[in-house]
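I opened the notebook to go through one model, taking strands, ring pairs, charges and surface in turn.

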Amino acid sequence: MACPVNNAAVLNPAILPLDWLIGTWKSDEPGEGCFPSIEPFRYTEELLFSHVGQPVINFAFNAFHAESKKPLHRECGFIRMQPGTNRVAFIIAQNSGLVEIEEGELTGQQLCLQSCAVARTSFAREPHVQQISRVLQLRPDGRLEQTVSMSTDNQPLMQHLHITYCRST
């Protein structure tokens with residue numbers, strides 16, 4: 001069941017600085033993923049940023065293996081801004097059993113976020129993720145770029161994912 005989207009809703013002024021995210025974005029070429037504990041891989045992804053008039057952006061990220069097209073990673077959640085500031089929070093649930101809160105700052109059309117809380121199911125696969133950082137930015141060519149770094153129990157913070165998207169709606 002998909003979350004309802006009220007296309008007639010007026011964007012809440014609290015999230016107006018993030019209006020450049022609203023819509024559907026699809027990877028224009030496969031992204032790249034790597035980490036010492038896994039084989040490097042290529043993936044495609046679709047991002048949906050929507051709102052229903054509340055002071056929050058709803059989002060869903062759906063990744064697929066570039067060659068086999070099999071579903072991979074999924075994330076969904078909410079983006080909030082601290083009123084009167086450029087502080088932003090992502091509240092995220094992942095299909096891997098990980099939930100997190102990332103906080104950071106909006107500078108122009110770039111979000112730089114760092115996890116401040118990470119929790120997981122008791123039977124999550126090891127090594128456990130300890131920290132995540134994310135940079136989302138709208139490039140001058142109109143493409144959206146995302147870089148995700150992570151650390152685990154046995155690896156320091158390092159780049160894990162990189163991908164670019166074109167707006168499709």
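Which residue of strand 8 stands opposite E100? I looked this up in the predicted model and found V118 opposite E100.

**Entry 1: ground rules.** I note that this is a predicted model, in which local features need pLDDT of at least 70 and side-chain atom pairs count only at pLDDT 80 or more, while totals for chains, interfaces and linings use all residues. Residues are numbered from 1 along each chain as its sequence is written, and side-chain values use heavy atoms, with hydrogens and water left out.

**Entry 2: the chain as a whole.** I looked up the secondary structure and found 0 helices and 11 strands in the protein chain (helices, H or I, of at least four residues and strands, E, of at least two are DSSP runs, numbered from the N terminus). The radius of gyration, which is taken over C-alpha atoms, is 16 Å for the protein chain, and this agrees with the value near 15 Å that a compact globule of 169 residues would have; the globule rule is 2.2 Å times the number of residues to the power 0.38. I also noted that the C-alpha atoms fill a box of roughly 45 × 35 × 30 Å along the principal axes. Of the 169 residues, 38% count as buried, where buried means under 20% relative accessible area, exposed means over 50%, and partly exposed lies in between (1.4 Å probe, protein chains only).

Entry 3: Strand 6 (residues 87-94) runs antiparallel to strand 7 and is joined to it by 7 bridges, with F90 standing opposite E102 of strand 7. These strands form a hairpin with 3 residues between them, and G97 in the turn has a positive phi of about 100°. Strand 7 also pairs with strand 8 (residues 110-120) in the antiparallel sense, over 10 bridges. That hairpin has 2 residues between its strands, and its turn holds G108 with a positive phi of about 60°.

**Entry 4: aromatic rings.** I found 5 aromatic pairs in the structure; rings of Phe, Tyr and Trp (its six-membered ring) pair if their centres lie within 6.5 Å, and planes under 30 degrees apart count as stacked, over 60 as edge-to-face and the rest as tilted. One of the pairs is F49 with F59, tilted, at 6.4 Å centre to centre and 40° between the planes. Because F49 lies in strand 3 (residues 38-50) and F59 in strand 4 (residues 57-65), this pair ties together parts that are 10 residues apart in sequence. Both F49 and F59 are buried. F59 also forms a tilted pair with F61, at 4.9 Å centre to centre and 40° between the planes, and F61 is buried as well.

**Entry 5: salt bridges.** How many salt bridges are there? I counted 8, a salt bridge being a side-chain nitrogen of Lys or Arg within 4 Å of a carboxyl oxygen of Asp or Glu. K26 and E46 form one of them, with the closest N and O atoms 3.6 Å apart; since K26 lies in strand 1 (residues 23-27) and E46 in strand 3, the pair ties together parts that are 20 residues apart in sequence. K26 is partly exposed at 40% relative accessibility, and E46 is partly exposed with a relative accessible area of 31%.

E67 bridges to R42, with the closest N and O atoms 3.3 Å apart; E67 lies in the loop between strand 4 and strand 5 (71-81) and R42 in strand 3, so this pair ties together parts that are 25 residues apart in sequence. R42 is partly exposed, with a relative accessible area of 39%.

Elsewhere, salt bridges that share partners join D28, R139, D141 and R143 into one network.

Conventions
Two strands pair if DSSP finds at least two bridges between them.
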